[in-house]
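Please consider the structure shown below.

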Amino acid sequence: MSPSMTVTETRTDEQRVDGLIDDLLQQHPPASTTAVELLGAQFDRGLAWVHFPEGHGGLCFSPRLQTRINERVLTAGGPYAYYRNPIGYGMCGPTVVEWGSEAQKRRYLRPLFTGEEIWCQLFSEPGAGSDFAGLSAKAVRDGDEWVINGQKVWTTLAHVSKWGLLVVRTDPEAVKHAGLTAFVVDMEAPGVDVRPLRQMTGEAEFNEVYFTDVRIPASELLGQPGDGWRVSLTTLMNERVSIGGAVAPRGSGPIAAALALWKALPEWRQDPASRDELMKLWIRSEVGRLTNVRAAQNRKVGVPGPEGSTGKLAFAEVNKDVYELCVELMGADGMLYGSYEMVRPEKAMGADTLQKAFLRSRANSIEGGTSEVMRSILGERVLGLPGDVRVDRDRPWSQVPRS
Ligand SMILES: Cc1cc2nc3c(=O)[nH]c(=O)nc-3n(C[C@H](O)[C@H](O)[C@H](O)COP(=O)(O)OP(=O)(O)OC[C@H]3O[C@@H](n4cnc5c(N)ncnc54)[C@H](O)[C@@H]3O)c2cc1C
């Protein structure tokens, strides 16, 4: 699929999708089918990412139809690929289909969708988060292979991943954005060392990943050497929509939990001030939801644009505020916490209690790009305001001072 690929949507597409879902659910009833089998059959019918090309999990239809598919499969009791493989489904799949070779698309997309092979995103480094293009991990070509050395950090689900989407520096003499290259790396390859990083929830859902002389075949490049920045933009644009772009039913999700807590309060605690706060948050949640509905309707092509930053920013801020209100409404109970014992979850972003959801939500305005960076993107790319100060833009990366 080329970056300029457009997709169409007609009434016939909608009917065809409905027919395919009927057939999927009839042939593979969720109650008696394993998740892997059902998701595999969903992929084979082009209902995995409906805007992808035929043969690669899609039908070249509008991405808008995916919400319809997901809702129907979920309502029938079926699995959702995102929950099983969030980084893979939301970000790595769209990047592979945009930049991968035919062989890579055939090899990776199906098991990624079924959750048989989990993926992680190896972008951030200790010295390169918001300024991700300044990263230092490097790859040097050696015959038909590239040799990787360096460190990545905050790598969600690296401990359960089979594949990683890795961006490293291949040309230190080029300006920082131009010297990057993207690869698919086997997380079980010799020289890959995954170490847990513990969060304040007690869990370690993310990791440090060290690469020591790790060899990657040249066939595992995504795009060409030097394309790494453009490849990353595909991932990052999809990440924002993946984190903040979900269209949930009205009044559902975190705000539903806050409303339920408020309703259960004794009358003397249902004071006007907390009701006011709850109403404000309900309205912000609904405005965010409607903004996402509009963005989804407007999306005609596979790769989302900077409008994804609006949803990501709004989601992060409202989510944090709603969970803060929840623990406030819980009173002293809000301070109770089951256990801080370190666990290595198989899934990311999970929270089985409101207290844990409150702690986990603090990361929302950091992961996938901080709220400050989202505001800069909106200012520059949506509102057309003057750009951030970038003193290193025109200097070779090797000449940029760094600590
Ligand atoms: C839960 C979680 C999961 C994550 N998962 C992954 C993952 O799977 N893979 C991965 O590669 N990364 C992952 N990350 C890393 C994440 O992308 C980075 O943490 C994020 O981009 C910020 O980078 P940083 O932590 O280095 O902070 P910094 O970039 O050092 O930022 C520090 C502070 O400075 C502010 N700041 C920085 N630059 C600017 C600017 N130009 N203008 C205004 N303010 C600025 C930031 O907003 C922030 O407040 C994850 C992070 C979290 C919290």
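**From surface to core**

The protein exposes about 19,000 Å², of which carbon and sulfur atoms supply 54%; accessible areas come from the Shrake-Rupley method with a 1.4 Å probe. The model is a predicted one, in which local features need pLDDT of at least 70 and side-chain atom pairs count only at pLDDT 80 or more, while totals for chains, interfaces and linings use all residues. Residues are numbered from 1 along each chain as its sequence is written, and side-chain values use heavy atoms, with hydrogens and water left out.

Along the principal axes, the C-alpha atoms fill a box of roughly 75 × 55 × 45 Å. The secondary structure comprises 12 helices and eight strands, which are DSSP runs numbered from the N terminus (helices: H or I, at least four residues; strands: E, at least two). Of the 403 residues, 50% are buried, that is, under 20% relative accessible area (1.4 Å probe, protein chains only).

The interior holds nonpolar cores, defined as sets of buried Ala, Val, Leu, Ile, Met, Phe, Trp, Tyr and Cys residues joined through side-chain atoms within 4.5 Å. In the largest, of 33 residues, Trp 49, Leu 109, Phe 113, Trp 119, Val 167 and Leu 222 touch the most other members. Elements that each supply at least two residues of this core include α2 (35–44), α6 (102–114) and β4 (163–169); α5 gives the most, with seven residues. Apart from this core lies another, of 19 residues, among them Trp 146 and Val 185.

Leaving aside neighbours within four places in sequence, Phe 113 is in contact (heavy atoms within 4.5 Å) with residues including Leu 39, Trp 49 and Tyr 89.
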